[in-house]
Amino acid sequence: LKGYEKLNYKNNSPDKLPFIWFHIWPNAYKNDSTAFAKQAGSESRFARSDSLNRGFIDSLNFTVNGEKINWEYHPEWIDVVKLNLKSPLNPGESISIETPFFVKIPKVFSRLGHTGQHYEMTQWYPKPAVYDHKGWHPMPYLNQGEFYSEFGTFDVKITLPQDYRIMATGDIIGGDDEYNWLDSLAAVTDSINQLPADDFKIWLESHKKVVKIDSDSSVSSEMKTIHFHQENVHDFAWFADKKWLVQKGKLSLADSTRDVTLWSFYLPKNAEMWKNSIEYLHDSGYWYSRYYGDYPYNHITAVDGDLSAGGGMEYPNITVIASMPSKQMLEMVIMHEVGHNWFYGILGSNERYHTWMDEGLNQYSCIRYWQDKYNDENERFVIIPFIQDNLGIAKNLKFSWFEYFQYLSLIHI
């Protein structure tokens, strides 16, 4: 990936800033000495991988207000750098920071990466660390351990082959052609989902074979540039795949003043699992909006991904979901990741240090969602269908019991 970043940075603090810390997290995948590699351990897939499958970021050339500056790596972490300003940035003042950058996209070992021609572009660009009342918060990328990032307005233009489905944080600007194409793909998916059960099964089996054979086929030589825009968020992620099926839906917020567009993108081999994904997105946005205030953005999107850092990962407007063993687990993970648009998204807490404000509040809300949607009579939660349905073990497991058991298994006395 070749990129160019222009950043307008304003000092909203009461302090003078002689330097600015930046995260360049793709370097987490560069060698065995990074904080990510050490946390993953010597037996991890990353530790056993070769350099061709690893990643990094380079070609950085920072300028401030058009003038080159000196910058240096953090003494401990190669995925954090310090920009030394020629003169301190005073409170209320702004500067323009620019740099080209090049990312060697790793194989998916955690969150950023690709599998063949499937792309999950997260924590992929140079971004400033947070400066708050406690000072700077430079931190390395970790597989287990989340983030704390600055709010801002994002204008991102992505150029990629024309046959890719792509979705990201923010709205597509001037994107009538792209939206019309996605609408046409959604219509095809709707027709597939309306097939009789036997015909749907035949279609599913045939497309499992096609995807397996054709997963690394050549891409279109024609390119397109998609422009995304989003205000008041603290991260930007995008995802692209040529094979995804597309579904579209709508959530009407309680005040009835506007609608939120719902998108789900998933591989044909997972069509049965994801068939009701728009319902899960709708109900997640509906219940969280009732609990904590209306969802403030224009779309909620879930994509079928390959990440290795847990079952799902949230970004503003969009979440990536790993392979799930049951439809109820898929709903649970979509619900949980959509919920992060409130905790951490709107709240903006420091997840690395105050996890309870993020995962804790969000998971409590998930239990509340499940009980409100399904009520006590229908709260049965299926994790592994074979064990629960065929063997009868934990057949009547409730979602709240599952969550409390998880909690008890993790706490330390």
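## Close-up views of a predicted model

**View 1. I97 and its contacts.** Leaving out neighbours up to four places away in sequence, I97 is in contact with E5, K6, L7, Y9, I20, F22, F62, T63, V64 and L83. The model shown here is predicted. I97 also belongs to the largest nonpolar core, where it is one of the residues that touch the most other members.

**View 2. The largest nonpolar core.** This core holds 113 residues. I97, W124, F228, F236, W238, M332 and I334 touch the most other members. Helix α7, residues 327–339, gives the largest share of the core, with seven residues. In soluble globular proteins, nonpolar side chains tend to be buried together.

**View 3. The whole chain, for orientation.** The protein chain has 11 helices and 23 strands. Its C-alpha trace spans about 70 × 60 × 50 Å along the principal axes. How does the radius of gyration compare with that of a compact globule? For 413 residues, a compact globule would come near 22 Å, and the protein chain has 22 Å, so the two agree. Of the 413 residues, 53% count as buried. Take the contacts between residues at least 6 apart in sequence: 72% of them join residues at least 24 apart.

**View 4. The surface and its charges.** The protein chain exposes about 19,500 Å². Carbon and sulfur atoms supply 52% of that area. The chain carries 39 positive and 53 negative side chains. The centres of these two sets lie 4 Å apart.

**View 5. S59 and N61 in one loop.** S59 lies in the loop between β3 (56–58) and β4 (63–64). N61 is also placed in the loop between β3 and β4. The phi of S59 is near 65°, a positive value in a residue other than glycine. Is S59 buried or partly exposed? S59 counts as partly exposed because its relative accessibility is 45%, which falls between the 20% limit for buried and the 50% limit for exposed. N61 is partly exposed too, with a relative accessible area of 33%.

**View 6. What N61 touches.** Which residues does N61 touch, not counting those up to four places away in sequence? They are K68, E98, T99 and P100.

**View 7. N232 in strand β17.** N232 sits in strand β17, which covers residues 223–233. N232 is not a glycine, yet its phi is positive, at about 60°. N232 is exposed, with a relative accessible area of 54%. The cut-off for exposed is over 50%.

**View 8. H207 in helix α4.** H207 is found in helix α4, residues 197–214. Its relative accessible area is 27%, so H207 is partly exposed. How far is H207 from E351, C-alpha to C-alpha? The separation is 40 Å. Along the chain, H207 and E351 are 144 residues apart.

**View 9. D176 in helix α3.** D176 belongs to helix α3, which covers residues 176–193. D176 is exposed, because its relative accessible area is 58%.

Notes. Residues numbered from 1 in each chain as written. Predicted model: local features only at pLDDT ≥ 70, side-chain atom pairs only at ≥ 80, totals over all residues. Heavy atoms only, no water. Helix = DSSP H or I, 4+ residues; strand = E, 2+ residues; numbered from the N terminus. Rg over C-alpha atoms; globule rule 2.2 N^0.38 Å. Buried < 20%, exposed > 50% of the residue type's maximum accessible area, 1.4 Å probe, protein only. Contact = heavy atoms within 4.5 Å. Areas by Shrake-Rupley, 256 points an atom, 1.4 Å probe, with all protein chains shown as cover. Lys, Arg positive; Asp, Glu negative; His and termini not counted. Charge placed at Lys NZ, Arg CZ, Asp CG, Glu CD. Core = buried A, V, L, I, M, F, W, Y, C linked by side-chain atoms within 4.5 Å.
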